[in-house]
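Colleague: Can you take me through this one? I would like to start with the ground rules and then go region by region.

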Number of protein chains: 2
Amino acid sequence: MRVAKFGGSSVASASQLKKVADILIRDTERKFVVVSAPGKRFAEDTKVTDLLIQLGNLSNSNEDYRTILESILARFQEILEELFLPTTLVDEVRDKLQSIMDGETVYTHKMDALKATGEDTLAQILSLYLNSLGHPSSYVHPQEAGIIVSDEPGKAQVLEESYERLYRLRDKEGIQVIPGFFGYTKDNKLMAFPRGGSDITGAIVAAGVKADLYENFTDVDSVYCVNPNIVDQPKEIHELTYKEMRELSYAGFSVFHDEALIPAFKAKIPVSIKNTNHPDNRGTMISASRDLTNGPVVGIASDAGFLSIYVSKYLMNREKGFGRHLLQILEEEDISFEHAPSGIDDMSVILRENQLSSEKEAIVLKRIQEELRVDTVTIERGLAMVMIVGEGMNSTIGVTSKASTAFSSAGVNIEMINQGSSEVSMMFGIKEEGIKAAVQSLYQTFFEA
Amino acid sequence: MRVAKFGGSSVASASQLKKVADILIRDTERKFVVVSAPGKRFAEDTKVTDLLIQLGNLSNSNEDYRTILESILARFQEILEELFLPTTLVDEVRDKLQSIMDGETVYTHKMDALKATGEDTLAQILSLYLNSLGHPSSYVHPQEAGIIVSDEPGKAQVLEESYERLYRLRDKEGIQVIPGFFGYTKDNKLMAFPRGGSDITGAIVAAGVKADLYENFTDVDSVYCVNPNIVDQPKEIHELTYKEMRELSYAGFSVFHDEALIPAFKAKIPVSIKNTNHPDNRGTMISASRDLTNGPVVGIASDAGFLSIYVSKYLMNREKGFGRHLLQILEEEDISFEHAPSGIDDMSVILRENQLSSEKEAIVLKRIQEELRVDTVTIERGLAMVMIVGEGMNSTIGVTSKASTAFSSAGVNIEMINQGSSEVSMMFGIKEEGIKAAVQSLYQTFFEA
C-alpha cells in the first residue's frame, strides 16, 4: 500500500492531472493520494496559493479583490473544462472564499482558511476526474481523515492521535484523495502546516496508514549529488538514507524541506522521489539504510550566509565554564549557533548571518567583552559552508585527504573544518566567493575520478 | 641585559657549575642568574628536591631521617669541595633544615620551606664560586629581590608589585644570583611556586628587570619539531612564537611547562632555550613573531588519554540551548572539556580521560539522558590528539590536504578535526594506537619532503 503525493507543478493544469491519473491507475498499490494546490504552468505563472494570499491581503485591507478572485476561479474552471468535468464546483469555491473573507464562517484564521482552499479544491477535482475515468475514488477531507493538529496558525503540528485515526482509512475502497497542507484542531479550527505543508500531510498519511512506500512526485528526475546550478548535469542519487538526506538539506539542498518528511522517517517508511513527467525514471529512494557500493560520498551541499564570532583569551582553556558562558550569552540573546570549534586559547562560534542583526551584534560584542573579559573578539561575515555527505565516510580512510586536496587544488582556503561528531558528514567553512570553485573541484574528486 | 636560568641538570655537580660559570663570565650582559636545586647527575640519581621531600615526609611521620639528611648535605659538601670553596655553608644548611623540621621558625609551611632550601643553597654556592673566580657576584634572597607572592603553599602566584621592586636590582653591580622556586608573602611567609617553579622565577625576574633576553639553560640543544621518542633525531626548531610554544605545550611538548613563561611572554621578552653542555649551539628562540621562511608548520605535538562523549538527538539543531546545556552539565560536575565539535543532530565533547572517573561517568550519562532526552549517548575512550602547529598555517592553502594525506597514507583514520578557531594550529583526533604511525607520517610530509 502506497501513499503518493503530487507537488504544485504536477497538478498545475489539466494535462498534468492526466499524468497524475495515469500514474495512479497504473499501480493499484497507490491507494492514497495527497495533492498540493496548482503550481506554476510556466516560469512567469503565479501559483494558486500565492493568488490566494494576495486575495487575503486585498480583502484584509478592504481593497478590490475581484480580479484576483476571478483569476483563481479561472484556474479551476479551465482545469475542470479540459477534464470534461462539471464546473459547478467553481461556484462552490466562489461561495466558500467569499464567506471566509466575509468572516461568516467558524474559521478563526482567515489566511490559513483561504490558502487551504487551493489544495482542497484540487483534491476534489482529482477525485472527480478519477471517478469519471471509471476508477472509484473518494475525496477525503482532512477532518474526516483524522488529521488533528495543534492550534498554531501557519505552523500547525500534527498530534499523535492522528495516526490511529488515519489507520482506519486503510479499509476504505478506491483511491482516496486528501488535500495537503492543513488539518484541524480538536475544536474544529482549520490550521495550515508550515513550509512544505503538502509534503507534511503526505508523510503523516503514510505514517498513519502504515504505507509500504511514500512516493513524492515532483518535477525533477531525482535528487542530484550536487546543486545543478554549480555543476552542469550532475549525477543522480538513486539511494539515500534519512540521515544523509537530513544532512544534505541542511546546507542548500532544496528538493524539499527535510523536516516535512519526519513523520515518514520516524515510522521508517521509505520515501521515493519521482518525476511526474518521467515516472519510469528510477528517481531517488530514501530509506533507513542503503548499499554502500558507490563510494563513501553521496552528495555535496553548500550554503552561503554564515558568520563567525571569534574570541581569544590567554589561558582560556584553564577557565572552566568559558565555552558554556559564551553559548549562554547567545542563547539569552535568542541567537541560534551552528558550530563552535575551539582551540586552546580561542573559540569560534559559527552562525547564520540572519541570526545577528547589527543591533544584536553590538549587544553580543559588548556582553562578550564585559562578561568574559576576552583579549580579542572579532566577527567575520561572508562565510559559506560546504558539506560532503555519505554514510560510511567516517570509517573510510582518506576521505578528508581527498576532500581537502580538492579545496587546495581549487585554490580555496579552508577556514574551518567540523568533523567528528556526525558520522555521515564533514563540514568545511570557506569564504563565500570560493563556493563554486570548491564544489566543482569536490564533484570532480568524488564523482568523476 | 639578560636573565639566565639554569635547570637542575645544569647545576647537578661541580663540573656542571663550572660550565655555568663559564657561560656567565663569557657575556657581561648576563647580570641575573636564577638557579634550580641540584638535579640528577646520572639516570639513577635522585634530585636534591626529591631528597628534601623525603626528608620532610620522614620528619612529619616521626621516622628516622638522618640518612636522608646526610645525603642531602653530602651533595652540597661535594660541590663545595670540588669548587675549592669553604664548607662552612654545609653546617648552616644543616642547622636551617633542622630548625624547619623542629618547627622553630616562622615558616608556616614546612614542606615549602624544606624544598626551597635546595635552590637557596645552590644560589649561595654559585655566588661564592663566581666571587672565588674573581667575578663580583652577590646572592640575592627572593625576599630581598622583592618577589612577593600570594599565600598559597606549593602554588604561589606572583603579585604585580614584585616587578617594580625587581626593577631596582638593575642598578646593583656584579652578577646577581637568585634562587628559583619561591617567594615571600607580604607577611614574610615563604611560599613555593607550582610545577616549573625555577622557570617561573626566571620569567618574573626577566619581566621585572626588563631584560632584553631570558635565557633558559637546560640539557637539550633545542626544542625539537616532534617528540624524539617517536621520530629519531628530529629537526630542531630555531625560532618559535609564544603562541606556537603554547599550542605545542598543550599536547605533549615537555621542554618546560609553558605557563611558567607567562611573565616573560606578557612583558614581550624573548626567551632563548639553550643547552648548558653545548652553549654555542643555536638553541631555540621564542618571541612574539618569527620569520616564516621554513614553511607553515613548525612542530607536531601529540598526546594520548582523551575521550569523547557523543550525543545525538533528532532535530537537535532546532533546539536552542542544547549545546549550552550539555556544557553546563559538565561544568556543574566540575569537568573541563577540550573541544566540542557538532553536527546537525549530534555533538561530541572531547575531554581528558582523567576528568571522567567511572563514578562521574555514570552521573554525567544519567544527567544527559534525563535532562537533554537525547536519542543516543556513548563514550569512546582511548583517543589521542595530534596537533600541527605553525603561524601562517591558516593562510596557506593546502596544509589540511597535506596533513590529512599523511594520516591516510599511514593508514590512520581521522576521527575528529578541530580547525578554524586557532590560527596557529590544527588538531586531529585519532585512536591512540595510531599515534606513532601518524606522527611519523606527518613528520615526513612537513619536514622531510
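Predicted model: local features only at pLDDT ≥ 70, side-chain atom pairs only at ≥ 80, totals over all residues.

Colleague: How many residues are in the largest nonpolar core, and which have the most contacts inside it?

Modeller: The largest nonpolar core has 154 residues, and Ile388(A) and Ile388(B) have the most contacts inside it. A nonpolar core here is a set of buried Ala, Val, Leu, Ile, Met, Phe, Trp, Tyr and Cys residues joined through side-chain atoms within 4.5 Å. Buried is under 20% relative accessible area, exposed is over 50%, and partly exposed is in between, with a 1.4 Å probe and protein chains only.

Colleague: What is Ile388(B) in contact with?

Modeller: Leaving aside neighbours within four places in sequence, the partners of Ile388(B) include Val297(B), Ile300(B), Met393(B), Leu442(B) and Phe446(B). Contact means heavy atoms within 4.5 Å.

Colleague: Switching to α12(B). Which residues are buried there?

Modeller: Val364(B), Arg367(B), Ile368(B) and Leu372(B) are the buried residues of α12(B). Seen down the axis of α12(B), they fall within an arc of 100°, so they line one face of the helix. The arc is taken from the directions from the helix axis to the C-beta atoms. Helices (H or I, at least four residues) and strands (E, at least two) are DSSP runs, numbered from the N terminus.

Colleague: And what does that side of α12(B) pack against?

Modeller: The buried residues of α12(B) pack against β13 (299–312), α11 (322–332) and β15 (376–389) of chain B. The face turned away from the buried side carries the exposed residues Ser358(B), Glu359(B), Lys366(B) and Glu370(B). Arg373(B), which follows α12(B), has a positive phi, near 40°.

Colleague: How far apart are the end C-alpha atoms of α1 in chain B?

Modeller: They are 18 Å apart, which agrees with the 18 Å that the 13 residues of α1 (residues 14–26) should span at 1.5 Å a residue. The expected span is 1.5 Å times one less than the number of residues. Buried residues of α1(B) include Gln16(B), Leu17(B), Val20(B) and Leu24(B).

Colleague: Now the interface. How many residues does each chain put in?

Modeller: The contact takes 57 residues from chain A and 57 residues from chain B. About 5,000 Å² is buried between chain A and chain B, of which carbon and sulfur atoms give 49%. Buried area is the accessible area (1.4 Å probe) that two parts lose on being put together, summed over both.

Colleague: How many salt bridges cross the interface?

Modeller: The rule finds 6 across the interface of chain A and chain B. It asks for a side-chain nitrogen of Lys or Arg within 4 Å of a carboxyl oxygen of Asp or Glu. Asp345(A) forms a salt bridge with Arg246(B), with the closest N and O atoms 2.4 Å apart.

Colleague: What about the count over all chains?

Modeller: The count comes to 60 salt bridges over all chains. One of them joins Glu244(B) and Arg290(B), with the closest N and O atoms 2.8 Å apart. That pair links distant parts of the chain, 46 residues apart. Glu244(B) and Arg290(B) are both buried.

Notes. Residues numbered from 1 in each chain as written. Chains lettered and ligands numbered in written order. Heavy atoms only, no water.
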